[in-house]
Amino acid sequence: MDGFVNVAVRIRPTFKNNFCSTIKLISENPWTLQIDERSQYTVDRIFTEDTGQLEIYNVIVRPLIEKVRLGYNSTVFAYGQTGTGKTYTMGSNPEAYETDEPGFILCSISNFIENLSDNTEIYISFFEIYNEKIYDLLSTNKKMLPIKGIQDLMKEKLIDLAQAKSILRRGSANRHVGETKQNSKSSRSHAILTIHFSSCYQDTNISAKLNLVDLAGSESVKKTGNQGYQFQEGVNINKGLLSIGRVVNALATNVSFIPYRESKITTILQDSLNRNNYVTLIACISPNPDDIRETIQTMEFTQETKKIKHRPEFTSL
Ligand code: ADP
């Protein structure tokens, strides 16, 4: 992992399904994956199905936490087709706070809490972008209504792990889920958990944040077989994902205009999605040969992201 934009791939386990995956890890230096005879992709890191949550967190997120402490905003995106393990990896589902294999969210929060001192503070905000509207997942209102803007989000100060878990449970339980052909409980929204860190040592104030983003499923609207309202929902999901691709591309090609305003997610993450901060994409893919078209689409997205040039002044993440 060597730059300010890093791209990793995680292959979901096959579980006990009756199929034989065609995906092969070709090499570790560089990390290269073969999806079928015609498609090979090189990324910064590949995690095969037997890699555990903690190992992935240590490689992907831990180094970013160190950057946050130094004052750099950092963002991790989980991208991929529904059912490939984005939510599991991020740990933005309620079960993630009860297991000994939690995802990035709980591991990151534990790390910050363990290192709290009289001079440091952490807050979290947790929200969802659903159909281009922002919903505050930490809101205590029974009926979730969209809020006007990011400035109205609740921020909860974290004190210890038990209190953090109870706040996270409340937030995760508020997430939108819908029924599609792809997955009976698929997430159709982008969920963003932000850890706001601040410290003050000898008159030096540092504040920065870590955004952990569980993106909505990247599958095409056609494949989900949706119509009407759900079709519009799918169009908005694609709009958000495409706009992340466009912003990343614009950053890669050094143009002066970066199209942040094309979607809510890029508008909100504008202060983190740029050359002065750190971004890591974890692309989650299915081992099932039936999903090969979506897998190739996800791998193509990783290649667009990799086009961003690395800042020479920063070495290894
Ligand atoms: P997505 O968020 O991409 O739609 P999920 O995270 O909901 O996918 O994963 C789909 C199912 O597979 C869930 O039941 C999840 O617990 C399980 N799963 C995904 N990845 C793993 C993994 N690496 N190990 C064990 N179970 C996993």
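Good morning. Residues are numbered from 1 along each chain, as its sequence is written. Since the model is predicted, local features need pLDDT of at least 70 and side-chain atom pairs count only at pLDDT 80 or more, while totals for chains, interfaces and linings use all residues.

I begin with the ligand. How many residues surround the ligand? There are 15, and the closest are Thr-82, Gly-85, Lys-86, Thr-87 and Tyr-88. A residue is near a molecule or strand if its C-beta atom, placed from the backbone, lies within 6 Å of it. Helix H3 (86–90) and strand S12 (186–187) each supply at least two residues of this shell. The largest share, three residues, comes from H3. Here helices (H or I, at least four residues) and strands (E, at least two) are DSSP runs, numbered from the N terminus. By class, the shell holds three nonpolar, 10 polar and two charged residues. For these classes, Ala, Val, Leu, Ile, Met, Phe, Trp, Tyr, Cys and Pro are nonpolar, Asp, Glu, Lys and Arg are charged, and the others, Gly among them, are polar.

I turn now to the sheet. Strands of a sheet pair through backbone hydrogen bonds, either parallel or antiparallel. In this model, three strands form an open sheet in the order S2-S3-S4, with antiparallel pairing; two strands pair if DSSP finds at least two bridges between them. Strand S2 (24–28) and strand S4 (39–43) stand at the edges with a single partner strand each, so one side of each has no neighbour in the sheet. From one strand to the next, the twist averages 20 degrees.

Consider the two pairings in turn. Four bridges join S2 to S3, and Glu-28 has Trp-31 in S3 as its bridge partner. A hairpin through two residues connects S2 to S3. Five bridges join S3 (residues 31–36) to S4. Trp-31 also stands opposite Val-43 in S4, and Thr-32 has Thr-42 in S4 as its bridge partner.

Helix H9 (residues 292–306) lies across S3 and S4 and runs at about 40 degrees to S4. Axes are lines fitted to C-alpha atoms, for helices over the stretch in contact, and angles run from 0 to 180 degrees between N-to-C directions.

Next come two helices. The axes of helix H4 (residues 104–114) and helix H5 (residues 161–173) come within 10 Å and cross at roughly 150 degrees. H4 is therefore roughly antiparallel to H5, where angles under 35 degrees count as roughly parallel, over 145 as roughly antiparallel, 65 to 115 as roughly perpendicular and the rest as oblique. Which residues meet in H4 and H5? Ile-105, Ile-109, Ser-110 and Ile-113 in H4 meet Leu-161, Ala-164 and Leu-168 in H5, contact requiring C-beta atoms, placed from the backbone, within 7 Å. This contact has six nonpolar residues, one polar and no charged.

I close with the backbone. Most residues other than glycine have a negative phi, and most peptide bonds are trans. The peptide bond from Asn-29 to Pro-30, however, is cis, with omega near 0 degrees, and Pro-30 lies in the loop between S2 and S3. Asn-131 is not a glycine, yet has a positive phi of about 55 degrees. Asn-131 lies in the loop between strand S7 (120–130) and strand S8 (133–136). Thank you.

Key: Two residues are in contact if their C-beta atoms, placed from the backbone, lie within 7 Å.
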